Amino acid sequence: MTAPPLEPPRVIVLWCPDWPVTAARSAAGLGPDAPVALVEKGRVLASSPAARAESVRRGIRVREAQAHCPDLVVLEYDAALDARAFEPLVAAVEELTPGVQVLRPGMCAVRVRGAARYYGGERAAALALVARLDELGAGGARAGVADGVFTAEQSARRSVDRVGIVPAGSAREFLEPLDVGLLEEAGAEPATSTVTLLRRLGIRTLGQFAALPPADVRTRFGVQGARLHALAAGSDSWPLVPRTPPDDLEAVVDFEPALELVDQVAFGVRTAAERFIDELVARRLVVTAIRVVLRSDSGETAERTWQHPRSFSPGDVVDRVRWQASSAQFSSGITRVAIAPEAVDAISHHESGLWGSGPDERIHHSLSRVQSMLGHGAVLMPRIGGGRTLADRQRLVAWGDPAGSTSVREPWPGQLPAPLPASVFTPRHPVAVVDARGEPVLVGDRGTPSGAPARLTSGTRTLDLGAWAGPWPLDERWWAPGQANRAWRFQAVDSTGCAWLLVLDESGWWVEARYD
């Protein structure tokens, strides 16, 4: 007997347009009519309505934006500021209706049922929430009501009124004419490659994608494609996960006189760290990320957010304070240490099983112990980062730290597509690749090889190549002579059936990886 499909939850999505600009403008003390542009890596990330009126658009360079608008106020984008500024608005929504899920800074979602009963209908509930956000300076907040978060978000963005309502059961009809590119930001994983392939296949709208048979979509695009297909069909059945409101549990320790030695600071915060964790446990919470702020006698501050692979214990908190104090470049002693929870979780999600948690628990305690004795960077873990070459994507980060600043979600044009080779050689192996006449294979300026690769020689071994593909160009940082990288990549299969990833650059041929 087949279980009935899950019904999408009826939700209200609250959206604050231009939220990054609103948060940055408020922090800088600028007026609502000021032309503001937020920049990241030399390009405009977001702009205010006044700046957009002067043709300042997302993606253009800063100099071009200033040429369009001489009075433009340029501010660096700060993701942490976005989240901090949005926290009071989320807390205000929680006062009106419980169970708020933060989708991202500037957008959150709540269930319709409870709010609609209290305020007398879906529109009345949405209008009450929007009015509350406007009181706190959201600036033209909008709401969308629909079956599922994805549909409600599109309704909020496209409503001519302050509130857009998609009737129950009408999500598919509402989404049908919308562009398929909206799925790029909707998946749990990057969906750019799936959307690009859909467009190449002639699928331009969500309705065209939803019309494909679900079994065929899953076979061709996998689990991620099936998830996007469900969104396009208005079948967003993922449950709404309300956040756990953070308590005011900041632990502050003042030192008089100021302390010069790191061990003194660590010893001084031990009691506060134990009380900090005990208060969280009393609320049935654990902390997975903390923010530590150190202040010196001369007014200098050092702030850092620390993450933990599981959850913090009092000893873990003391260790982070010690590591941060040892790396702080202060001209005088430390007078204050402030510890605040940055991310908390229900303690039930971290309870040990009936028979314990097995080898994973022992490994965790062993690595944490080594890290505590030898320092924060003594225990490293492999992570996949962003980059175009396989070597760039391999990263080692300290145990408990996030993967790093280089995002895997970036487009990274020129990146090797999946499936990726299993064995990546570090360092790369130098080889010689020749054609059938024994002449070295070279690639001209137009990307045409001088001959078909026929043999691969590594100095002690020669392999005959039965098939090959390429070349694919790789041209990075051409504007920086010391960092420029121009190369050509080939894929080749030898006579034994083993596949190789070959790279030709200015220094010659290399074997970069093997497809095991």
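I started with two helices: α5 (residues 112-119) packs against α6 (residues 122-135) at an angle of about 95°, with the axes 7 Å apart. That makes α5 and α6 roughly perpendicular (the class for 65 to 115 degrees). Axes here are lines fitted to C-alpha atoms over the stretch in contact, and angles run from 0 to 180 degrees between N-to-C directions.

I then listed who touches whom: V112, A115, A116 and Y119 of α5 meet E122, A124, A125 and A128 of α6 (contact means heavy atoms within 4.5 Å).

A note on the source: this is a predicted model, where local features need pLDDT of at least 70 and side-chain atom pairs count only at pLDDT 80 or more, while totals for chains, interfaces and linings use all residues. Residues are numbered from 1 along each chain as its sequence is written, and side-chain values use heavy atoms, leaving out hydrogens and water.

Next I looked up V44, which lies in strand β3 (residues 43-47). V44 counts as buried, at 3% relative accessibility (buried is under 20% relative accessible area, exposed over 50%, partly exposed in between, with a 1.4 Å probe and protein chains only). Its contacts beyond four places in sequence include V56, R57 and I60. V44 and R57 sit 13 residues apart in sequence, and 7.0 Å apart C-alpha to C-alpha.

Last, I checked Y118 and Y119: Y118 is exposed at 65% relative accessibility, whereas Y119 is partly exposed at 24%.

Definitions and conventions. Helix = DSSP H or I, 4+ residues; strand = E, 2+ residues; numbered from the N terminus. Parallel < 35°, antiparallel > 145°, perpendicular 65-115°, else oblique.
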